[in-house]
Amino acid sequence: MGKIALITGITGQDGYYLAKLLLDKGYQVHGVRQPLAHDDTHHLTPLRHALTLHWGDMTDQTSLNHIVQSVQPDEIYNLAAQSHVGVSFAVPEYTMNVNGHGTIRLLEALRLYAPEARFYQAGTSELFGNSPAPQNEQTPFDPQSPYAAAKLLAHQAVVKYRTQHGIYAVNGLLFNHESPKRGDDFVTQKIVKAALAILAGQQDALVLGNLDAERDWGHAVDYVEGMWHMLQQDVPDDFVLATGQACSVRQFVEEVFTALGHQIKWQGQGLDEVGILVENNQEVVRIAADYYRPAEVHCLIGDSRKAQQKLNWSASTTRQQLIQDMIDAQQDIYGADIQTQRIRA
Ligand code: NAP
Ligand code: GDD
């Protein structure tokens, strides 16, 4: 029989791609779903029949104990989180409870009920904050948000359970990764969907915050492979996964419109800056202070040479392929209208 994996956060973006990867590898896959979420399994529809889902919550020790005890997993992937950095400033205590204390709860469940299980923690490049790029495993942490502070607690807990309790527990320090399954509130998906809706005549403008933030955007399908590799090593260790390519929000906007056959030019500065379609001067991008964060992380670019050398992992999907994949996934909704718009332009 194949190995047994338990995934928290299975209903999210990475949960889908990881569950698919593990099922393809012959794993029996179990997942945790929150009791209060509604419509939480729509991403999982193609896989749903092959998965076993359990009610549980990262804020509830009893449910995590019960799930770990009954599933007896070989591998636990802790992907569950309040994962929106901007939102974490509004709900800092909740974010710490889910992302920080929740990780400790799950590690305790493992230690008590399945101590031989291997543990993957969904760590983040946000830990590096404004430490100079490129960032790697040696770069000092500089958390800028409640989200990053909570993930730092989780990171340190994983290291302690590894060194003090002898548990095979690892931190993946993952840079931004996107896909058609990306939540609508993250900037890449927001840009893709807005560009399509604007060109289809269904939306007035795309309203954004800091256009100058730089991120290292890869495709989630590559990153879940890296997670799996981290749990197959002889010795547990922490790894950065990244593409090594920087791209600003501004550039990402340009690339999405270019992929749709349109060119953007920029006018004005700061909150008055606008993005305009070259072909007809239509104002399609505006800025709003609401989308700025109390503390900005300016530039995240990963150096994943350690993962390349020790895991034989590298990000194989280019940003252009990622953008095309995200656009293609929306074609059912916007396809016909977009064609019309192109002919008119
Ligand atoms: P996501 O799409 O936001 O998924 C988050 C998952 O966590 C969802 O399944 C959500 O359930 C679940 N969850 C939230 N609160 C929970 C709670 N209290 N109890 C149980 N489950 C809960 O995030 P993602 O992009 O897949 O990212 C996966 C993980 O990697 C997260 O921990 C994130 O912080 C981390 N990470 C992501 C990136 C990235 O670029 N994507 C980079 C570095 C690290 P519902 O569906 O019910 O809301
Ligand atoms: N969400 C959002 N919405 N971000 C915007 C907007 C906007 O309207 N305008 C500009 N941005 C900027 C943000 O300020 C940030 O600098 C950048 O776009 C990316 O924002 P997000 O897509 O929300 O992602 P993130 O980088 O903050 O966080 C993601 O990546 C982290 C890894 O670095 C999340 O997936 C985190 O969970 C993950 O840890």
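Predicted model: local features only at pLDDT ≥ 70, side-chain atom pairs only at ≥ 80, totals over all residues.
Residues are numbered from 1 along each chain as its sequence is written, and local features need pLDDT of at least 70. Side-chain values use heavy atoms, with hydrogens and water left out.

Seven strands form an open sheet in the order β3-β2-β1-β4-β5-β6-β11, with parallel pairing; strands are DSSP runs of E with at least two residues, helices runs of H or I with at least four, and two strands pair if DSSP finds at least two bridges between them. At the edges stand β3 (51–55) and β11 (239–241), each of which pairs on one side only. From one strand to the next the twist averages 25°. Strand β2 (residues 28–33) joins β3 in the parallel sense over five bridges, and V29 is opposite L51 in β3.

Helix α4 (residues 92–113) lies across β1 (4–8), β4 (75–78) and β5 (118–124) and runs at about 170° to β5. Angles run from 0 to 180 degrees between N-to-C directions, and axes are lines fitted to C-alpha atoms, for helices over the stretch in contact. Helix α5 (residues 146–165) also packs on the sheet, where it touches β5 and β6 (169–174), and its direction makes about 150° with that of β6.

The axes of α2 (residues 61–71) and α4 come within 9 Å and cross at roughly 40°. The two helices are therefore oblique to each other, a class for angles that are not under 35 degrees (roughly parallel), over 145 (roughly antiparallel) or 65 to 115 (roughly perpendicular). In contact (heavy atoms within 4.5 Å), Q61, L64, N65, V68 and Q69 of α2 meet residues of α4 including R105, L106 and Y113.

Methods:
Chains lettered and ligands numbered in written order.
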